[in-house]
Amino acid sequence: DLETAVVFVVGYNDGARSTFGDRVVGAVNRSTDLLVVKFSAYGTVLWAKTGGGVGEDTAFAVAVNPVKKGVLIVGGFQSPVFSFGSLVIRNHNPAADRSNFTDDILVLKLD
């Protein structure tokens, strides 16, 4: 049903402002941040969101549950503190400088 269908695109925003339709998103501290964009079936941008911190944070995959209307985003984050909206996650092994950041896996559930 094209009236209710949506498309999600995930990846990262590499330190610059990105424009999707009339939505503009930017990375935190000019770093690489996770990016999620929701489109209607007709290609209209419904929303675009970024999340992250001072390290390299990215989304690798998305899965949609059409029955429960939920979306799972799988990715990883290096930032000592990762933020996505009101969600805040701390890295299991935060480093003092960017050259020693470690990767943590990330699974986000969006409604």
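Me: Which residues is Asn-91 in contact with, once its neighbours within four places in sequence are left aside?
Reply: In this predicted model, Asn-91 is found in the loop between β9 (87-90) and β10. Leaving aside residues within four places in sequence, the contacts of Asn-91 are Phe-77, Gln-78, Ser-79, Pro-80, Thr-102 and Asp-104.

Me: Is Asn-91 buried or exposed, and at what relative accessibility?
Reply: Buried residues are those under 20% relative accessible area. Asn-91, although placed in a loop, counts as buried because its relative accessibility is 5%.

Me: Which backbone oxygen does the side chain of Asn-91 reach?
Reply: Gln-78 is among the residues in contact with Asn-91, and a polar contact requires a pair of N or O atoms within 3.5 Å. The side chain of Asn-91 comes to 3.4 Å from a backbone oxygen, and that oxygen belongs to Gln-78.

Me: In what sense do β8 and β9 pair, and over how many bridges?
Reply: These strands form a hairpin with two residues between them, in which Gly-85 takes a positive phi near 65°. The sense of the pairing is antiparallel, and the number of bridges is four.

Me: How do the rings of Phe-77 and Phe-82 pair?
Reply: A pair of aromatic rings is described by the distance of the centres and the angle of the planes. The count of aromatic pairs in the model is two. For Phe-77 and Phe-82 the centres lie 5.4 Å apart and the planes stand at 45°, so the pair is tilted.

Me: Are Phe-77 and Phe-82 buried or exposed?
Reply: The threshold for a buried residue is under 20% relative accessible area. Both Phe-77 and Phe-82 fall into this class, and the answer for each is buried.

Me: Which residue in β7 stands opposite Asp-57?
Reply: β6 and β7 are paired in the antiparallel sense over eight bridges. They form a hairpin with four residues between them, where Lys-69 in the turn has a positive phi of about 65°. Within this pairing, the residue of β7 that stands opposite Asp-57 is Phe-77.

Me: Which residue in β10 is the bridge partner of Gly-76?
Reply: β7 also pairs with β10, in the antiparallel sense and over seven bridges. β7 is mostly covered, with six of its eight residues buried. In β10, the bridge partner of Gly-76 is Ile-105.

Me: How far does the backbone oxygen of Gly-11 lie from a polar atom of the side chain of Thr-58?
Reply: Thr-58 has its place in strand β6, and it counts as buried because its relative accessibility is 15%. Leaving aside neighbours within four places in sequence, Thr-58 is in contact with Gly-11, Tyr-12, Leu-34, Gly-75 and Gly-76. From the backbone oxygen of Gly-11 to a polar atom of the Thr-58 side chain, the distance is 3.4 Å.

Me: What separates the C-alpha atoms of Ala-59 and Leu-35?
Reply: Ala-59 is found in strand β6 (residues 57-65), and counts as buried because its relative accessibility is 6%. Beyond four places in sequence, Ala-59 touches Val-10, Gly-11, Leu-34, Leu-35, Ile-73, Val-74 and Gly-75. Although Ala-59 and Leu-35 are 24 residues apart along the chain, their C-alpha atoms are separated by 6.7 Å.

Me: Which residues of the largest nonpolar core touch the most other members?
Reply: In soluble globular proteins, nonpolar side chains tend to be buried together. The largest nonpolar core has 13 residues, and those touching the most other members are Leu-34, Val-36, Ile-73, Phe-84 and Leu-110.

Me: Which residue lies over the face of Trp-47?
Reply: Trp-47 and Lys-49 are both among the residues that Val-36 touches. At 4.3 Å from the ring centre of Trp-47, the residue over the face is Lys-49.

Me: How many helices and strands does the protein chain have?
Reply: Of the 111 residues of the protein chain, 40% count as buried. Among contacts between residues at least 6 apart in sequence, 49% join residues at least 24 apart. The secondary structure comes to zero helices and 10 strands.

Technical notes
Residues are numbered from 1 along each chain as its sequence is written. This is a predicted model: local features need pLDDT of at least 70, side-chain atom pairs count only at pLDDT 80 or more; totals for chains, interfaces and linings use all residues. Side-chain values use heavy atoms; hydrogens and water are left out. Buried means under 20% relative accessible area, exposed over 50%, partly exposed in between (1.4 Å probe, protein chains only). Contact means heavy atoms within 4.5 Å. A polar contact is a pair of N or O atoms within 3.5 Å; within protein, one must be able to donate a hydrogen and the other to accept it, and residues adjacent in sequence count only if both atoms are side-chain atoms. Rings of Phe, Tyr and Trp (its six-membered ring) pair if their centres lie within 6.5 Å; planes under 30 degrees apart count as stacked, over 60 as edge-to-face and the rest as tilted. A charge sits over a ring if NZ of Lys or CZ of Arg is within 6 Å of the ring centre and within 35 degrees of the ring normal. A nonpolar core is a set of buried Ala, Val, Leu, Ile, Met, Phe, Trp, Tyr and Cys residues joined through side-chain atoms within 4.5 Å. Two strands pair if DSSP finds at least two bridges between them.
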